[in-house]
Amino acid sequence: MLNDIFNNIAKCRYCDRSFCFDVAENKSSRRGLASSISATCKYCGSSHGSMTSNSVPAGYEVNLRFVYGMRCIGIGKSAAQTFCALMNLPPPPAKFERLYTPIFNALETASSRSMNVVPQYLSVIDPPSSEYSSKLSEIYKRSFSNVR
Ligand SMILES: [Zn+2]
């Protein structure tokens, strides 16, 4: 598929030919769901490669998102392996559980930041009064009282 896309839209910048690319994945460079893809010109041999995911401090973004997604739906490593196999995806990151910590840290930071601004928003609106929103009202009171 990638071969078709490259060959139908790109020209080699070194020899200016079209329909000249061999696109391949370097399977030994796989990191979980992140793959290394390279395009090599059949005529002049020039080559360019890239990973299929951005690198972030904890690894590759696709792996973090995958692990986070699996955890959000209550799935661990074993079920993630089954999912990847059935979807014909590369195996999930071998160090699946190691990604829990950076995900937890990011979630903790995001939730702290969002909870810090809640009182500012709540202070400009009236507390809910309907009987259906008693739970929200309780949260409102708790959040607002934490600021004072
Ligand atoms: Zn070329």
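**Note on the predicted model**

1. Of the 148 residues in the protein, 11% are buried (20 or more other C-beta atoms within 10 Å of the residue's own, with C-beta atoms placed from the backbone). This is a predicted model, in which local features need pLDDT of at least 70 and side-chain atom pairs count only at pLDDT 80 or more, while totals for chains, interfaces and linings use all residues. Residues are numbered from 1 along each chain as its sequence is written.

2. The protein has five helices and five strands, taken as DSSP runs numbered from the N terminus (helices: H or I, at least four residues; strands: E, at least two). Along the sequence the pattern is α-β-β-β-β-β-α-α-α-α. Of the contacts between residues at least 6 apart in sequence, 41% join residues at least 24 apart; a contact requires C-beta atoms, placed from the backbone, within 7 Å.

3. Three strands form an open sheet in the order β1-β2-β3, with antiparallel pairing (a pair needs at least two DSSP bridges between the strands). β1 (21-25) and β3 (47-51) are the edge strands, and each has a single partner strand, so one side of each is left without a neighbour in the sheet. On average, neighbouring strands of this sheet are turned by 15 degrees against each other, direction ignored. Axes are lines fitted to C-alpha atoms, for helices over the stretch in contact, and angles run from 0 to 180 degrees between N-to-C directions.

4. Five bridges link β1 to β2 (residues 36-41) in the antiparallel sense. Val23 has Ala39 of β2 as its bridge partner, and Glu25 has Ile37 of β2. On the β3 side, Ile37 is bridged to Ser50.

5. β2 and β3 run antiparallel and are joined by five bridges. Their hairpin has five residues between the strands, and Gly45 in this hairpin takes a positive phi near 80 degrees.

6. Helix α1 (residues 2-9) lies across β1 and β2 and runs at about 150 degrees to β1.

7. Helix α2 (residues 61-72) has 12 residues, which at 1.5 Å a residue should span 16 Å; the end C-alpha atoms are 16 Å apart, in agreement. The expected span is 1.5 Å times one less than the number of residues. Val62, Asn63, Leu64, Phe66 and Val67 of α2 are buried. The buried residues of α2 pack against β4 (55-56), β5 (59-60) and α4 (100-122). Just after α2, Gly74 takes a positive phi of about 80 degrees.

Notes: Two residues are in contact if their C-beta atoms, placed from the backbone, lie within 7 Å. A residue is buried if 20 or more other C-beta atoms lie within 10 Å of its own, exposed if 12 or fewer, and partly exposed in between; C-beta atoms are placed from the backbone.
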